[in-house]
Amino acid sequence: MSQKKELLKINNLKQYFPIKGGILGRTVNNVKAVDDVSFTIYEGETVSVVGESGCGKSTTGRAILRLDDPTDGTIEFDGMDLLSLNKKEMRKMRKDLQIIFQDPYASLNPRMTVRQTLNEAMEIQNAVPRNERNDRIAELMETVGLQPHQADRFPHEFSGGQRQRIGIARALSVDPKLIVCDEAVSALDVSIQAQVLNLLKKFQDEWNLTYLFIAHDLGVVRHISDRIIVMYLGKIVEIGDTKSIFENPQHPYTKALLSAIPVPDPEKKTERIFLQGDVPSPIDPPSGCRFHTRCPFATDKCAEEVPELRNEDYMTDGHAAACHYIKAIESGEHQPTKETSKVRDV
Amino acid sequence: MSDEKILEVKDLRTSFFIEGNEIKAVDGVTFDVPKGKTLGIVGESGSGKSISALSILQLIDSPGEIVGGEINFKGQNLLDYSEAQMRKVRGNQISMIFQEPMTSLNPVYTIGQQIREALKIHRGLDKKDGTEKSVELLELVGIPSPRKRVTQYPFELSGGMRQRVMIAMALACNPELLIADEPTTALDVTIQAQILELIKELQEEMGMSVVMITHDLGVVAETCDYVAVMYCGKVVEYADVKTLFKNPRHPYTVGLLNSLPRSDVDQEELIPIKGTVPAPHEMPDGCRFAPRCPFATDLCHSELPSLDDVGEGEQVRCWIYTDEWDGDPEVKVYEPEKRTSED
């Protein structure tokens with residue numbers, strides 16, 4: 001990975017959803033789902049965006065494919081400014097940019113056979129000549145672990161795991177460069193989830209695919225990602241390679257999030273940081289650092305100044321966290337201002 | 001295992017009768033819950049774990065029916081109870097919380113009205129005392145400004161708060177047994193941590209026993225004392241939690257642990273279980289897991305093994321651990337790297 005090619009570059013992305021109100025239906029406020037987010041994805045890597053409900057991770061994924069048009073910012077894909085494209089050009093672009101959704105039940109047309117679904121994708125993108133399509137469909141079905149003759153079945157004849165494989169086959173049918181996986185394995189049972197994750201990894205190795213993985217399951221994320229972006233209330237709070245994020249998390253939110261995961265080992269002692277309360281509303285997010293209302297280390301400064309993503313000298317390259325106090329917390333100089341942590345006994 | 005048992009389920013069978021077919025959702029389930037302890041029932045979709053829990057409280061609606069077995073609660077078989085007697089048990093001695101707090105709370109009644117209902121039916125409290133007790137309960141489950149909350153409706157609360165309200169309702173009458181059906185599955189991980197901790201604290205305070213139904217092995221490891229692993233309507237393994245994770249015996253349990261992506265350690269690769277769960281009307285004749293099992297022999301495909309004792313308080317439903325085993329003798333020894341499926 002010495003000669004890394006920038007495949008997707010997002011700068012200052014903002015996605016506000018207006019709230020209409022009053023008898024005139026004027027915009028009275030905005031839901032700031034994504035608020036000034038920038039990151040780059042290199043070719044052939046898997047980047048995961050993690051965070052809790054409402055942090056803006058899915059909105060970010062949708063904005064990249066322009067399923068919702070962003071309010072502000074730039075999205076550059078393979079050197080092309082996506083936001084300058086018109087509808088028709090964007091549709092062509094989606095040959096290289098595919099998405100796999102969470103719910104395999106809702107994302108396949110129930111009245112179309114798998115063959116029709118796959119055919120439609122190839123037809124729209126003009127990806128495969130018509131006379132080769134049936135061969136391509138048979139090949140795709142086998143690639144994702146289904147029988148070629150099953151292509152003439154309807155979605156309801158498949159199980160959830162199989163349907164998710166069809167979703168993957170559809171994404172692969174047009175030879176994309178980047179696939180956005182929006183909670184692509186969340187609805188699956190763990191034994192099936194492992195099958196699908198292994199499949200995604202295999203395709204990446206074979207075809208140098210790039211994935212943007214949107215997930216809330218941090219076990220899945222650790223397993224599949226090269227780099228991780230942690231979001232909270234529409235902002236990136238931490239970004240770094242997988243090892244740094246899991247073994248040396250810097251932002252208090254990342255630490256709390258990681259400590260909250262139940263570990264499948266009853267004999268492991270874990271220190272858990274309990275966060276107070278719920279995620280605040282993205283309509284009226286807290287001032288300064290958006291995490292300050294729940295942060296165990298928060299001071300008055302946190303309520304006033306928005307922290308920038310920063311890399312301190314003891315952190316690895318490319319690892320950055322948006323917190324005023326990461327260095328002081330690391331050295332033990334800045335202590336928690338609230339009592340929140342607790343060691344679980346076994 | 002000399003502890004007193006609060007609940008003993010024996011050979012429970014719950015079937016659904018659809019278009020003349022009998023679908024055996026729960027097919028001879030046996031487990032028990034020691035007093036004051038937490039039993040985890042773990043399994044994937046369609047394993048029958050939720051139906052088992054609903055059967056305990058006889059919340060099975062037509063076309064479903066409990067067709068056999070015993071549910072002994074403190075020595076009394078609940079299946080002998082009349083509906084009127086069951087109504088005195090539900091929400092009083094045994095309470096249940098569900099996965100989706102929004103659909104299990106009534107949207108047109110306030111939080112206070114809903115908690116008061118149980119108190120009125122089981123404790124005969126009037127409105128004033130009921131409200132006082134409701135406020136107390138909301139405080140117990142960590143809801144800020146409880147006096148304001150009792151007058152609010154479910155939609156005014158967040159997901160985590162609603163689940164706390166559900167727990168408050170379940171605890172209203174100091175139940176001896178709490179059944180929690182995927183109580184944190186719909187919640188974010190930081191909120192899940194709060195709710196699991198709350199259930200644990202309340203259990204210690206009130207000496208309650210808990211049945212925790214979940215698909216998440218992390219939740220099992222953190223909250224349970226004993227675990228029953230279910231597959232296709234049957235318990236395939238029962239053990240205390242430490243033994244289950246350290247020395248899993250059933251190939252299905254091993255397969256589950258091998259397919260789990262973990263957040264606490266680096267893994268080279270996941271080892272999935274091959275194939276999929278059989279459809280309910282296409283259950284194999286022998287061991288239900290045989291078509292997916294890497295060790296299955298002819299015996300496994302033709303005959304169903306029984307749930308047998310294999311050690312101190314451990315039970316497993318697998319031919320490998322019997323004298324009849326005719327496959328590779330080495331698979332009895334737990335070595336995860338050997339227990340891989342071939343694809």
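## Close-up views of a predicted two-chain model

**View 1. A strand pair in chain A.** Lys14(A) stands opposite Asp72(A) in E4(A). The model is predicted. Strand E1 of chain A spans residues 6–21, and strand E4 of chain A spans residues 72–77. The two run antiparallel, joined by five bridges.

**View 2. The open sheet of chain A.** Four strands make up this open sheet. Their order is E2-E1-E4-E5 (chain A), and the pairing is antiparallel. Which strands stand at the edges? They are E2 and strand E5 (80–81) of chain A. Each has a single partner strand, so one side of each is left without a neighbour in the sheet.

**View 3. Chain A as a whole.** Chain A holds eleven helices and 13 strands. Its radius of gyration is 22 Å, close to the 20 Å that the globule rule gives for 346 residues, so chain A is as compact as a globular protein of that length. Along the principal axes, the C-alpha atoms of chain A fill a box of roughly 70 × 60 × 45 Å. Of the 346 residues in chain A, 47% are buried. Take the contacts in chain A between residues at least 6 apart in sequence: 66% of them join residues at least 24 apart.

**View 4. The annotated span in each chain.** UniProt lists "domain: ABC transporter" (unreviewed entry) for residues 8–258 of chain A. This span of chain A is 35% helix and 29% strand. Its end C-alpha atoms lie 27 Å apart. In chain B, the UniProt annotation "domain: ABC transporter" (unreviewed entry) covers residues 7–257. Here chain B is 40% helix and 28% strand. The end C-alpha atoms of residues 7–257 of chain B are 28 Å apart.

View 5. Strand E1 (residues 5–18) of chain B runs antiparallel to strand E4 (residues 64–73) of chain B, with eight bridges between them. Val9(B) has Ile71(B) in E4(B) as its bridge partner. E4(B) also pairs with strand E5 (residues 76–77) of chain B, in the antiparallel sense and over two bridges. Asn72(B) stands opposite Asn77(B) in E5(B). The hairpin of E4(B) and E5(B) has two residues between the strands. In this hairpin, Lys74(B) takes a positive phi near 50°.

**View 6. Where chain B touches chain A.** The contact takes 36 residues from chain B and 32 residues from chain A. On the chain B side, four helices of chain B give two or more residues: H8 (189–206), H9 (217–223), H10 (241–246) and H11 (251–259). Which element gives the largest share of this side? H8(B) does, with seven residues. By class, the side of chain B that touches chain A has 14 nonpolar, 13 polar and nine charged residues.

How values were computed
Residues are numbered from 1 along each chain as its sequence is written. Chains are lettered from A and ligands numbered from 1 in the order in which they are written. This is a predicted model: local features need pLDDT of at least 70, side-chain atom pairs count only at pLDDT 80 or more; totals for chains, interfaces and linings use all residues. Two residues are in contact if their C-beta atoms, placed from the backbone, lie within 7 Å. Ala, Val, Leu, Ile, Met, Phe, Trp, Tyr, Cys and Pro count as nonpolar, Asp, Glu, Lys and Arg as charged, and the others, Gly among them, as polar. Two strands pair if DSSP finds at least two bridges between them. The radius of gyration is taken over C-alpha atoms; the globule rule is 2.2 Å times the number of residues to the power 0.38. A residue is buried if 20 or more other C-beta atoms lie within 10 Å of its own, exposed if 12 or fewer, and partly exposed in between; C-beta atoms are placed from the backbone. UniProt positions are given in the numbering used here, feature names are shortened, and annotations may be inferred rather than shown by experiment.
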